[in-house]
Amino acid sequence: MRVLSTVKFTALRMIRNYIVLLLLLVVPIVLISVFAIILSDTVTESGERPLHGIAKIMVVSFQLFAGSIVMSYIQHEFFTAHKMRLGVLPFRKELYAFSIMMCGTVFSILLGVALMTYSQFVLGVPWGNWAWSIYVIALMSVLSSTVCLIFTFSVRNFKLAERLSEVYGVGFIALAGLFFPMPNNAFFDFMGSYGNPLVLSMLSIQAMEQSDAGEAWFTANILLGAIVLLFLLMLALGRRKMA
C-alpha cells in the first residue's frame, strides 16, 4: 500500500511540532510537578497520597485534547491550498486521511505513556496495571480524535471547530466536578459518571487496580461503544465533506 510510505513523514512532522509537545507533554509535566511539590507532605486518613489520584486524572484529562493534533493536520492537508496536490498523489485520499488519524492517535498515546513514565518513576505515582492503563488512554485518544474530526467535518469554519474541541475537553473536565461541584440532578449525575469519558476512564483504571475486572471492562466497553458509534458518524460526515 503506497499510503504507508507517507506514515514516516507524517510521524516526523508531528514529532517536530513543538507547540503540540509543549501543550500535551511539557505543560502536564509542569502541572503534575507543581502539584507534587504542593502535596508532597499531604496524606489522606486512609494513608494514600492525594497526588496519586490527581496525577492520573491529569494524564488522562490531557487525552481529551489529543484530537487537536489530528484535526489540524486533516485541515491542513485536505481543506487548504495544499489540497491541490492530493489529486496527483498515487493513492486514495481516504486512506491518507486514515493514516493521519492513526499517526495522530498513536502519537498522543505515546505522549500519555511518557506522562505515565514520568509520574511513576520520578514522582512515585503507582499506575498498577500498565497495560490496562495504556489501553484506556488509547481509547481516550481514539475518542478524542474521532470527536475532533466530527467537528472538523461538520462546520465550515475551522476556528469554530477548534473552539468546539476545546469545549469538548474543558466541558467534560468541568462536568466531572474537577473545577467545582455540579448541581445535584439526573443530568449532571449522568454526565458526571457513565456519560463522561473522563470519569469512565478513571473508573476503569481504578477498578482494574482494585482487581475488579468486571467493572473495568464494563466502563471501558462503554467508551468503546461510544467510539464505534461516533466513528461511523465521522465517516459519513468525512465522505460528504471530501466528496
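Predicted model: local features only at pLDDT ≥ 70, side-chain atom pairs only at ≥ 80, totals over all residues.
A residue counts as buried when its relative accessible area is under 20%. A55 has a relative accessible area of 0%, so A55 is buried.

**Overall fold**

- Along its principal axes, the C-alpha trace spans about 65 × 40 × 30 Å.
- Taking contacts between residues at least 6 apart in sequence, 71% join residues at least 24 apart.

**Surface and charge**

- The chain has an accessible surface of about 12,600 Å².
- Carbon and sulfur atoms account for 69% of that accessible surface.

**Annotated segments**

- The unreviewed UniProt entry places the feature "transmembrane region" at residues 18-39, 51-74, 95-118, 130-155, 167-188 and 216-237.
- In the model, residues 18-39 are 95% helix and 0% strand, and the C-alpha atoms at the ends of this stretch are 30 Å apart.
- Residues 95-118 are 100% helix and 0% strand, with their end C-alpha atoms 35 Å apart.

**P28 in helix α2**

- P28 is part of helix α2, which covers residues 18-38.
- The relative accessible area of P28 is 0%, so P28 counts as buried.
- Apart from neighbours within four places in sequence, P28 is in contact with L23, F62 and L115.
- P28 and C103 are separated by 75 residues in sequence and by 21 Å in space, C-alpha to C-alpha.

**A55 in helix α3**

- A55 belongs to helix α3, residues 50-61.
- With neighbours within four places in sequence set aside, the contacts of A55 are I32 and V125.
- A55 and S119 lie 64 residues apart along the chain, and their C-alpha atoms are separated by 7.0 Å.

**F79 in the loop between α4 and α5**

- F79 sits in the loop that runs between α4 (67-78) and α5 (93-121).
- Leaving out neighbours within four places in sequence, F79 is in contact with I74, T152, F153, K241 and M242.
- One of these contacts, M242, is 163 residues from F79 in sequence, while the C-alpha atoms of F79 and M242 are 8.7 Å apart.

**S211 in the loop between α9 and α10**

- S211 is located in the loop between α9 (197-209) and α10 (213-242).
- The relative accessibility of S211 is 67%, so S211 counts as exposed, the cut-off for exposed being over 50%.
- Most residues other than glycine have a negative phi.
- S211, a residue other than glycine, has a positive phi near 65 degrees.

**L223 in helix α10**

- L223 lies in helix α10, and this helix spans residues 213-242.
- At 2% relative accessibility, L223 counts as buried.
- With neighbours within four places in sequence left aside, L223 is in contact with L139, M140, L143, P197, L200 and S201.
- L223 and S204 are 19 residues apart in sequence, and their C-alpha atoms are 10.0 Å apart.

Definitions and conventions. Residues numbered from 1 in each chain as written. Heavy atoms only, no water. Contact = heavy atoms within 4.5 Å. Areas by Shrake-Rupley, 256 points an atom, 1.4 Å probe, with all protein chains shown as cover. UniProt positions renumbered as here; feature names shortened; annotations may be inferred. Helix = DSSP H or I, 4+ residues; strand = E, 2+ residues; numbered from the N terminus. Buried < 20%, exposed > 50% of the residue type's maximum accessible area, 1.4 Å probe, protein only.
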